[in-house]
Amino acid sequence: MGTDRRRFGLVLGLAVVVGVFTATVPLLRDWFDLRVYYGTVDTWVHHGGRIYDYRVPGTTYGFTYPPFAALGMLPMALVGLPTAIAVALLLNLAALASAVAILVGPALRRYGWFGFALTACLLALFEPVRDTFSFGQVNLVLLALVLSDAWLLSSGRGRWAGAGIGLAAAIKLTPALFIVLLLLGRRRRAAGVATAVAALATALAAWAAPGASRFYWTDALWDTARVGRPAYVSNQSLQGVLARLTAPEDPSRALWATASLLVLCLWARRVSRALADDDWTAAFALTGLAACLVSPITWVHHLVWLLPSFAVLLHRHRLRVAAALYAVLCSSVVWLWFDDASGLDGFLGSNTYTWVTLGLLVWLPAGQPRGGRAALIRRARATLAAPRPAAPAIPAAADQSNPSSSGSAAATGRAVASRHAVAPGRAAEPAGVDGPAGVDGPAGAAGPAAGTARVSSSVPTGSTRPAASKPQSSSERASSYTVNPPPA
């Protein structure tokens, strides 16, 4: 009872801290992205408008996802905005719970209610998660879809694996990199399912909204200005780093493509090691990191794809590293350079989350640890004891040459041979220890007795078989956000 009281007090105190923090420090996003989704669907269904023509009043921001995403959001046209907000909250809660259950569910169940309550408080402080809820974003839903395939593959239920990735890729293009992961892991069936699901969903959207589909794939997809300014401090991708370096000029596309190619090569190498040891959790974590880096736009709320990396760190008992990175990603530190990201401090500070993502891609534990692998090899070698030579036959004494005694000599030889044939792994006893000299019979004696003794004495006595883990801001920045909100 005393332990339960202390745990309850800890959770209650942490819940108060979370409430005060979220009420005073971060600037709430007022469901900005959800308003984009809702306005787009409402205009499309009720006012005869087109999907990609809608703009949030007073801004230049509109719908940027593939047409299938708008098709999936059609039920919002049947309800009011408050109901849509409530449903979005419930969907995000369910998606977050599913992701946590897949990543660390067994470990949390060992701690009962305390583990789940503590995890909920910690996730509420995590900036990408709290921004996803505050914006009304779809990132957690996409993460849950992708991780469902990771669970199917790692648990041996891979028949329908790939469907979640396919749906996620049809809603947003970034998860398409997970199809490449399936191909690298030689899960061709799962890759085929993912590709087929994505293609069917895209074809369904083309049938339902042919004009919007044609516009998206030929025009909107290549117009990065629709998404937002690449140099905006919330863009924590490689292109965001380059854009802040060259602002107000646009960064070189060749330089960005080269940097992205290098990241993808590093990703392929690290993922190959994870897949070689069937470590699907690490493989999916690394793929999420790479997708965030190479995507042209990776807003802070997109960094929920880092959650699988934290699960890997916890499983590998890298608690200090996980705690340090968690603290950084709760701090909203990048927003200190909201107005000016120039200079060395701006280069290092405004890209902090990018450095975290890149560092995890390089150093995240993946596959069998080398220390553990070496220990297994040493243990296996220790069990490979060389076969011991058979005990030599002891010649018969001179007074045992009487043919009439051959029968008793053979019987005695069988008894001694059975004592000398020990189980593998147990040291053989030298011949003659337990009985008088010469009881094994003469060397080379003919008959069944002699043959039995020789076969028994030639059995190796050692085993030859090896032994079988937004801005954090002042009121001035808040008013700036209200006038010119960040892109969806």
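Modeller: Happy to, and please keep in mind that this is a predicted model.

Colleague: Which helix holds Ala-144, and how far is Ala-144 from Gly-164 in space?

Modeller: Ala-144 belongs to helix H7, which covers residues 139-154. Along the sequence, Ala-144 and Gly-164 are 20 residues apart. From C-alpha to C-alpha, the distance between Ala-144 and Gly-164 in space is 8.2 Å.

Colleague: Let me step back to the whole protein. How many helices and strands does the secondary structure have?

Modeller: The protein has 488 residues, and 44% of them count as buried. Its accessible surface comes to about 24,700 Å², with 65% of that belonging to carbon and sulfur atoms. As for secondary structure, the count is zero strands and 22 helices.

Colleague: Is Thr-22 buried, partly exposed or exposed, and what separates Thr-22 from Leu-125 in space?

Modeller: Thr-22 sits in helix H1, residues 2-24. Its relative accessibility is 25%, so Thr-22 counts as partly exposed. Leu-125 is 103 residues away from Thr-22 in sequence, yet their C-alpha atoms are separated in space by 7.6 Å.

Colleague: Where is Val-79, and how far is its C-alpha atom from that of Asp-42?

Modeller: Val-79 is in the loop between helix H3 (67-72) and H4. With a relative accessible area of 30%, Val-79 is partly exposed. Asp-42 is 37 residues from Val-79 along the chain, and the two C-alpha atoms are separated by 9.7 Å.

Colleague: Which two residues does the cis peptide bond join?

Modeller: One of the two, Pro-248, lies in the loop between helix H12 (238-246) and helix H13 (253-276). Omega is about 10 degrees for this cis peptide bond, and the residues it joins are Ala-247 and Pro-248.

Colleague: What is phi of Asp-278, and what is phi of His-317?

Modeller: Asp-278 is found in the loop between H13 and H14, whereas His-317 is found in the loop between H15 and H16. His-317 is exposed, with a relative accessible area of 65%. Both angles are positive values in residues other than glycine. Phi of Asp-278 is near 60 degrees, and phi of His-317 is near 65 degrees.

Colleague: How many residues of H14 are buried?

Modeller: Helix H14 has 15 residues, numbered 280-294. From its first C-alpha to its last, H14 reaches 21 Å, close to the 21 Å expected at 1.5 Å a residue. H14 is mostly covered, and the number of its residues that are buried is 14.

Colleague: To finish, how many disulfides does a search of the whole structure find, and are Cys-265 and Cys-292 buried or partly exposed?

Modeller: A disulfide is a covalent bond between the sulfur atoms of two cysteines. The search of the whole structure finds zero disulfides. Cys-265 has 47% relative accessibility, so Cys-265 counts as partly exposed. Cys-292 has 4% relative accessibility, so Cys-292 counts as buried.

Terms used. Residues numbered from 1 in each chain as written. Predicted model: local features only at pLDDT ≥ 70, side-chain atom pairs only at ≥ 80, totals over all residues. Heavy atoms only, no water. Helix = DSSP H or I, 4+ residues; strand = E, 2+ residues; numbered from the N terminus. Buried < 20%, exposed > 50% of the residue type's maximum accessible area, 1.4 Å probe, protein only. Areas by Shrake-Rupley, 256 points an atom, 1.4 Å probe, with all protein chains shown as cover. Disulfide = S-S within 2.5 Å. Expected span 1.5 Å × (residues − 1).
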